Protein chains: 4
Amino acid sequence: MRIALIGAGRIGAVHARSVAASPDTELVLVADPVDGAAERLASAYGAAATTDVGDVFADDAVDAVVVGSPTAYHVEQIVAAVEAGKAVLVEKPVDLDLGRADRCLAQVGDRADRVMLGFNRRFDAALAEIHRRAGAGEIGDIEQLTIISRDPAPPPVEYLAASGGIFRDMTIHDLDMARFFLGDIVAVQTVPQRLDPAFAKTDDFDAAVVTLTAASGAVATIINSRHCAAGYDQRLEAFGPRGALRVENHTATSVVLDAAGSSGARGPYLDFFLARYADAYASELAAFVAAVRDGAAPSPSLLDGRQALALADAATESARTGRSVAPAPVPAPSAVV
Amino acid sequence: MRIALIGAGRIGAVHARSVAASPDTELVLVADPVDGAAERLASAYGAAATTDVGDVFADDAVDAVVVGSPTAYHVEQIVAAVEAGKAVLVEKPVDLDLGRADRCLAQVGDRADRVMLGFNRRFDAALAEIHRRAGAGEIGDIEQLTIISRDPAPPPVEYLAASGGIFRDMTIHDLDMARFFLGDIVAVQTVPQRLDPAFAKTDDFDAAVVTLTAASGAVATIINSRHCAAGYDQRLEAFGPRGALRVENHTATSVVLDAAGSSGARGPYLDFFLARYADAYASELAAFVAAVRDGAAPSPSLLDGRQALALADAATESARTGRSVAPAPVPAPSAVV
Amino acid sequence: MRIALIGAGRIGAVHARSVAASPDTELVLVADPVDGAAERLASAYGAAATTDVGDVFADDAVDAVVVGSPTAYHVEQIVAAVEAGKAVLVEKPVDLDLGRADRCLAQVGDRADRVMLGFNRRFDAALAEIHRRAGAGEIGDIEQLTIISRDPAPPPVEYLAASGGIFRDMTIHDLDMARFFLGDIVAVQTVPQRLDPAFAKTDDFDAAVVTLTAASGAVATIINSRHCAAGYDQRLEAFGPRGALRVENHTATSVVLDAAGSSGARGPYLDFFLARYADAYASELAAFVAAVRDGAAPSPSLLDGRQALALADAATESARTGRSVAPAPVPAPSAVV
Amino acid sequence: MRIALIGAGRIGAVHARSVAASPDTELVLVADPVDGAAERLASAYGAAATTDVGDVFADDAVDAVVVGSPTAYHVEQIVAAVEAGKAVLVEKPVDLDLGRADRCLAQVGDRADRVMLGFNRRFDAALAEIHRRAGAGEIGDIEQLTIISRDPAPPPVEYLAASGGIFRDMTIHDLDMARFFLGDIVAVQTVPQRLDPAFAKTDDFDAAVVTLTAASGAVATIINSRHCAAGYDQRLEAFGPRGALRVENHTATSVVLDAAGSSGARGPYLDFFLARYADAYASELAAFVAAVRDGAAPSPSLLDGRQALALADAATESARTGRSVAPAPVPAPSAVV
């Protein structure tokens, strides 16, 4: 499968490496409007480069497109790709505006089964194992899902300004995990925190506790913070009537120190998502390639991306009002302008 | 110090053993209206027995009273004890009715510094260590407190009917933990669950997620369930800007099994509070004895008992309304009828 | 049961507390030739005191004797006690001289079933659980037993001089563990170490690896050191064809710290045997009391004490010669002078 | 760097993938006398294939050779490669016969700094971290090294017959670890076991405890078994005066199950060396490539391979005689025929 990559930034480099390493895929084109960026990445893997993203859609040699551009371009590039007959793997979120995401869904229509959303955590070996084992009934139906998810340090202020806020930017991964494990969510309640004085000047938050009620009656709790001294804090526990399955934090190696002051000490947690989910990105790409090859609808879908965004919107509104908020339902296509 | 015990039930037996084992205290009298109950317990430790609780207050040889009677009798016995000049250690909760607790506080007045509330978890070695280390600044000011607290199995239906509901009966321990670690709480938000069909006929719940906002800006999350396959699930994590201190579940021994299907397997969690907090009950009694001996105000106080109850009321109301609820402030003594 | 205690030192105080705390036993007499020592300990528990050890054997009110005197007195006190018709719990080792231990066995004869050796580790909850589960076949027949056993710091030089050397003083506990789990031992091989320059002037060692071959074909490895920065290092693993059961080190509480430099850090190991095996001493006494009460032969027996000493002798000789040494068999009573 | 691979078996496939994945290396030729074997592996990576191993040495386009052939061919291929001016990475062991290894060393002479031995564990992230931290003095000088190393299941009987015995085939990795951490070894003592009746008919063993005394005074203990129900058991602990650094077993994911019968259960250990040391093989190749590129002597060296074999011989002899055995010193080149 011949793959083009849009966006030669940090996440683009991760995908380029996965495409090159796989015997099933070939990186044929890298597109990035930033001068020289595509060139630098493409040359490392023997691919062509362009600063004109339109080249990707025009190129008949391209079977599938991996979209790693800034969020604002996702919708137009999804639409252009499927209209050019190409499969798409697009980074989360679909968009920061739910209306635009709904219009994207309406425009893409049936061709949504050519689009996969890059919720990488679904492909983490440990999280996928819990999903599989819980799905097989090992702990009974999940009743409570607890997600602790903390970044090592807040992003730069400029990034925050364009991020859509903590719920659309950071929590959205955890919201997708809640849907992945519990299915449809009917209510969202948020207790937001502004701990760092730097956030006092913004309408954003740097920590929050979000509780979600699923249609099944299960409840998910998400505990977020924009900082964590020990590293990238990524824990999840699925609790059911017959037991609990949980994943603990990862450290760089399994070395343990026992010394005069303390025992059992490991290194700090892996430092951020590129380290913690390195294997997940490769598995995600492999799942995309397999789905496209087999003509199957890839999962997570464009709709999964829209639903996570609707939950992020609900969390944002709950943070503002202090009330429980139901996520906006998908509008009928005819109602989307 | 000569101690009388009111209530010869399960918790009474725990306190009787602690009193007998301590070189500083002597069990002189056990009172229980149930025929033969006081007799049985008293005889094991060479103490006198009575079915008339009034004997405890009338007996000049009694320095201090440990109240382990049903909740409905706590208020009257606290008042009678302090009026008889005796120090009191009373099991939680003060009462199931906040108005009665307020009247008790008003009646007891200055003599409240002779009353200690039996929030046993404050005396658990691990929880007390976290409190001490966090208080010493090891992790900075606590920003997020996460408490997972699950009972092994729900109590009998008859018990539930008189329990005051999950928040006043079970969560109240966790609510006290939130106050112990974070101080004053200004808002309570509850997401309740009714998982077991047996609860559908009641207005009680068998699981809940409760979030509390402290005056400091910190947020506590309490995750409760009335059942847990692996035993009595008791975890707590204090998270601050410089790190996190947490306590994991305890098992009966430290034995680990590595076998064909799995590795690292320990036994199930200790099965319930009498096992998990056995040492804490003894430390609690020792703290009470030391405070009385030194003329110091014991902690947790009668007011701590009232405040935990106010939080339980707020959690109950939030579960009903879906809204954030502020706990009721302590009324002026003049306002209490 | 009325119990007398010989020896009012550190270990005597442990036993005095256990005797006092048990509803089944009463401490009636404490004997110690050191001026005032017996008095101090006895007064705390309302017992009589004497500086004449002979009073213990002469006192008809004494049912059983706990011997916590220096090793050199063990043999004569065992013999005097059984001749006076009393049951005996004696601290390890029986003696430092195998010949004397053999003569003690011969003298005691059938009355050996009134004598119990204080190998406290057999009563540790975790080690006893492994013994029970392995005995029930959970991991198949044990093939390899690994014991890591390190003291926190070496004893004073004066203590060492009278200790009989590391194998008779420290390793003897591990040698008894090897017998407890594997039964008869047929060969002992030692690799000794002299790490601390202070030991260069002695013929003693401060570390060693001892391997033991059992009659069953199983092999035990004991890794000893007289120092350990992290505390009292006490680990054991029983490995069989169907899995392994192991016990890890204990810390004072279960508190874990995750911080900038490291994660998963607990406190240091418990600092020494009185802390690590506190519960085991109480269980040991309870087992002794139960055996005496039921007329059963207590275990570990006087013979177990003799056999552990024979292994310590073999380890000492192997350390000197570098060869594999078979432990000395029990001589026929007629051969003992 | 253009690399040729000799041997298209299991380990050859591992190296082929590493060579292909690295941007610094190119797989140009695969040689294997087995019909079709080289062809199959080479075609997956676009390399040439041959059944004539001599082609590797004759091909000027080949810079370096990775030798993954059966042990019996190692010596001649090492010599042929260095004589053809190529660098060599050769799988352990050098040979099963110490005399042949010594002759190889003599023949290779100064060109030994073009040869690297494939002791993959030195490149495991955890073991390398302990080596680095211990080397930096974090725990003081290592006094005791404990290695537990068990295979999941014994190899087929046919393999065993040609393996050189457990010490030259399996223990040799642990013997190299002892040298890696402790330097020169002066004495070896072995307690062998024959547990599986299938081994009774051979002069080989299926378990053993090997103790090694280092010139430094440190002692290493190696505990081996040819079977382990929980998987590939790979643990190592370096103990020094200031603490201990240890590496625990790895499981496929970090998922933990807490259920009715047990808590804290992870999956079994990774199943064998290809899984446990997958990353180590890639790091080993990278170290080889870096050394060759920089003209540095690669480590571990051909001499390291010879010394590990000398220790395996000593362990074999100690198993036979029950005595402590000194490893054979490297003979003077003039003494080697």
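## Helix 4 of chain B

Let's start with helix 4 of chain B, which spans residues 74-83. (Helices here are DSSP runs of H or I with at least four residues, strands are E runs with at least two, and both are numbered from the N terminus.) This helix is mostly covered, as 7 of its 10 residues are buried. Buried means under 20% relative accessible area, exposed means over 50%, and partly exposed lies in between, using a 1.4 Å probe and protein chains only.

Which residues of helix 4 of chain B are buried? They are His74(B), Val75(B), Gln77(B), Ile78(B), Val79(B), Ala81(B) and Val82(B). After helix 4 of chain B comes Gly85(B), with a positive phi near 80°.

## How to read this model

What you see is a predicted model, in which local features need pLDDT of at least 70 and side-chain atom pairs count only at pLDDT 80 or more, while totals for chains, interfaces and linings use all residues. Residues are numbered from 1 along each chain as its sequence is written, chains are lettered from A and ligands numbered from 1 in the order in which they are written, and side-chain values use heavy atoms, leaving out hydrogens and water.

## Strand 5 in chains B and C

Strand 4 of chain B (residues 64-67) runs parallel to strand 5 of chain B, and 4 bridges join them. Two strands count as paired if DSSP finds at least two bridges between them. Across this pairing, Val67(B) stands opposite Val90(B).

Now turn to chain C. Strand 5 of chain C (residues 87-91) has 5 of its 5 residues buried, so it is largely enclosed by the rest of the structure. Ala87(C), Leu89(C) and Glu91(C) point one way, while Val88(C) and Val90(C) point the other way. Strand 4 of chain C (residues 64-67) pairs with strand 5 of chain C in the parallel sense, over 4 bridges. Here Val66(C) is opposite Leu89(C).

Is His15(C) buried or exposed? His15(C), found in helix 1 of chain C (residues 10-21), is buried, with a relative accessible area of 1%. Contact means heavy atoms within 4.5 Å. Not counting residues up to four places away in sequence, His15(C) touches several residues, including Val66(C), Leu89(C), Glu91(C) and Tyr281(C).

Val65(A) belongs to strand 4 of chain A (residues 64-67) and is buried, with a relative accessible area of 0%. Leaving out residues up to four places away in sequence, its contacts include Ala4(A), Ile6(A), Ala81(A), Leu89(A) and Phe288(A).

Thr50(B) sits in strand 3 of chain B (residues 48-50) and is buried at 11% relative accessible area. Apart from neighbours within four places in sequence, Thr50(B) is in contact with Leu29(B), Val30(B), Ala31(B), Asp32(B), Ala38(B) and Asp55(B).

Thr51(D) is in the loop between strand 3 (48-50) and helix 3 (54-58) of chain D. With 45% relative accessibility, Thr51(D) counts as partly exposed. Beyond neighbours within four places in sequence, Thr51(D) is in contact with Asp32(D), Pro33(D) and Val34(D). Gly36(D) is 15 residues away along the chain, and its C-alpha atom is separated from that of Thr51(D) by 8.0 Å.

## Chain A as a whole

Let's finish by stepping back. Chain A has 11 helices and 13 strands. Its radius of gyration is 20 Å, close to the 20 Å that the globule rule gives for 337 residues, so chain A is as compact as a globular protein of that length. (This radius is taken over C-alpha atoms, and the rule is 2.2 Å times the number of residues to the power 0.38.) The C-alpha atoms of chain A fill a box of roughly 60 × 55 × 50 Å along the principal axes.

Buried residues make up 58% of the 337 residues in chain A. Among contacts in chain A with a separation of 6 or more, 69% join residues 24 or more positions apart.
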